[in-house]
Amino acid sequence: MSWFFTTGGTLHHNSPSYVERSSDQALLKLLSEGEFCYVLTARQMGKSSSMVRTAMRLKEQSMEALILDLTAIGQNLNAEQWYDGLLAKIGQAMQLEEELEDYWMDHLRLSPVQRWFQAISEVVLPRVEKRLILFFDELDVVRGLSFCTDEFFAALRQCYHARIENPTMEKLTFCLLGVATPADLITDPRHTPFNVGHRIELHDFTPEEARPLSRGLERHPEDQSRALEIMNRVYDWTHGHPYLTQRLCRAIVKSRDEGSAKALVDKVCEQLFLSNRASEQDDNLLYVRERLRRCPLDQISLLDYYSRIWKGEKVPDDEHDPLISELLLTGLVRVEDQALVVRNRIYQHVFDHDWIERIRPVAEVEMPDGTRMRIRSSCSIGRTQASDICLPNPRVSRRHAMIQKESNDQLWLIDSDSRNGTLINGRRVTTPMRLNHLDVIQIGPFTLTYHQPGAVSQDKAGPTQLHRTVLDMED
């Protein structure tokens, strides 16, 4: 019965392996009552599957429910093209293509966001009898657009407030889905944050919610007891993670191994997730790893948080801490009793202490635009693409400077006989200089900030080979 389980992609609304959670009921109830909702959580938690199922049930209640996949609109677009693309999708779904296109072209004096919302208000809503629910899926892709989308989310919020003066707007409801936090939606601190609607939390399956999946593990009618035993062992490993649970169950069905339920599940789990080769191939494990590695935030502190959680230390949940929010969005951790814990035994095994130490940078260099360059060993600085840290400006030499790592994780800045010199905290670098946390490096017009929290300060550090060499040079 491998067909019973679905791994990857969106489940059909009547899929036999769909697990209904309390969040499904809450989402359906709130949207049918006209409330704004948002489902912002990690990948492969069942957001899109829940959306499809909810949209189908809303249609059964004679409501209009449209799903707008923002990845299908594209990213290499300007604001005019993006809003027009969104409107075209609605027009196709509601057979209003010509009317909406005419409205768009007749109101060119308006900004794209004004035109979009007025077209919805003046053309679409009059055709809606009961209610129109717009689902915006893959919301996080807007952060890759070439223009700021703060005004889009501000306009969504305004639609909610406009209901007071315009009863027609009661017909319009939105549901936002993606890998983001509410703070990500409106990033400009001068604008009011996105603070309307209800947040729908998607949690892992509970043991009771996951139990019906055991039907797909039955090879014969008399296998019910063994299937439940297998399902319980699967839950021990996945803690009800939607993707991991479905994938492990599917692999177990395909396996021809016999033996005890525990031995069978453990063997398949080892082959599927825990071996070195498997952990480099599974889509979910790769996503978690790459999301952590490419995080634009302070990766050293992020991994310090996770290391403490992995060791069992208590790290409280704090929605105002961007590092905590990022850890939750990777899907690597979950909240239990107001503190963070590793999400499941599979993650506990794969993303262990050795893995943390392998990817942990020794230090980071913060660029002028706020991005961070991770340093795990020595690195070069110059104006060409061949440099590890590229600073494209004529005042920067081709091989301007380098950061050299010592065996004790001390890093030193060395000027490579550059034409315009290198400064640390306003002091010119003439001999190798030890870098300390929050040192300011000036190279040409660029100001870089060095980050190495927790490192031993220079006055407490013992002499290194490079330090002794510098002293010899000065003598």
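**Exercise 1.** Find which residue of E9 is the bridge partner of Glu 366, and describe how E8 and E9 pair.

Solution. The bridge partner of Glu 366 in E9 is Arg 372, where strands (E, at least two residues) and helices (H or I, at least four) are DSSP runs numbered from the N terminus. This is a predicted model, in which local features need pLDDT of at least 70 and side-chain atom pairs count only at pLDDT 80 or more, while totals for chains, interfaces and linings use all residues. Residues are numbered from 1 along each chain as its sequence is written, and side-chain values use heavy atoms, with hydrogens and water left out. Strand E8 (residues 363-366) and strand E9 (residues 372-375) are joined in the antiparallel sense by four bridges, two strands being paired if DSSP finds at least two bridges between them. Five residues lie between the strands of this hairpin, and in it Gly 370 has a positive phi near 95°.

**Exercise 2.** Determine the strand order of the open sheet of five strands, and explain why one side of each edge strand is left without a neighbour.

Solution. The order is E11-E10-E12-E13-E16, and the pairing is mixed. Strand E11 (389-390) and strand E16 (433-434) stand at the edges with a single partner strand each, so one side of each has no neighbour in the sheet. Strand E10 (residues 379-382) runs parallel to E11 and is joined to E11 by two bridges; the bridge partner of Gly 382 in E11 is Cys 390.

**Exercise 3.** Characterise the packing of H9 against H11 and against H10.

Solution. Two packed helices are described by the angle between their axes and by the distance between those axes. The axes of helix H9 (residues 224-238) and helix H11 (residues 261-274) come within 9 Å and cross at roughly 40° (axes are lines fitted to C-alpha atoms, for helices over the stretch in contact, and angles run from 0 to 180 degrees between N-to-C directions). That makes H9 oblique to H11, since angles under 35 degrees count as roughly parallel, over 145 as roughly antiparallel, 65 to 115 as roughly perpendicular and the rest as oblique.

For the second pair, H9 and helix H10 (residues 242-254) pack at about 135° with their axes 10 Å apart, and they are therefore oblique to each other. In H9, residues including Ile 230, Val 234 and Trp 237 meet residues of H10, among them Leu 244, Leu 248 and Ile 252, contact meaning heavy atoms within 4.5 Å.

**Exercise 4.** Is H15 mostly covered or mostly uncovered?

Solution. Helix H15 (residues 322-330) is mostly covered, as seven of its nine residues are buried (under 20% relative accessible area, with a 1.4 Å probe and protein chains only). Among the buried residues are Leu 323, Glu 326 and Leu 329. Elements that cover the buried residues include helix H13 (283-293), helix H14 (299-310) and strand E6 (333-336).

Definitions and conventions. Buried < 20%, exposed > 50% of the residue type's maximum accessible area, 1.4 Å probe, protein only.
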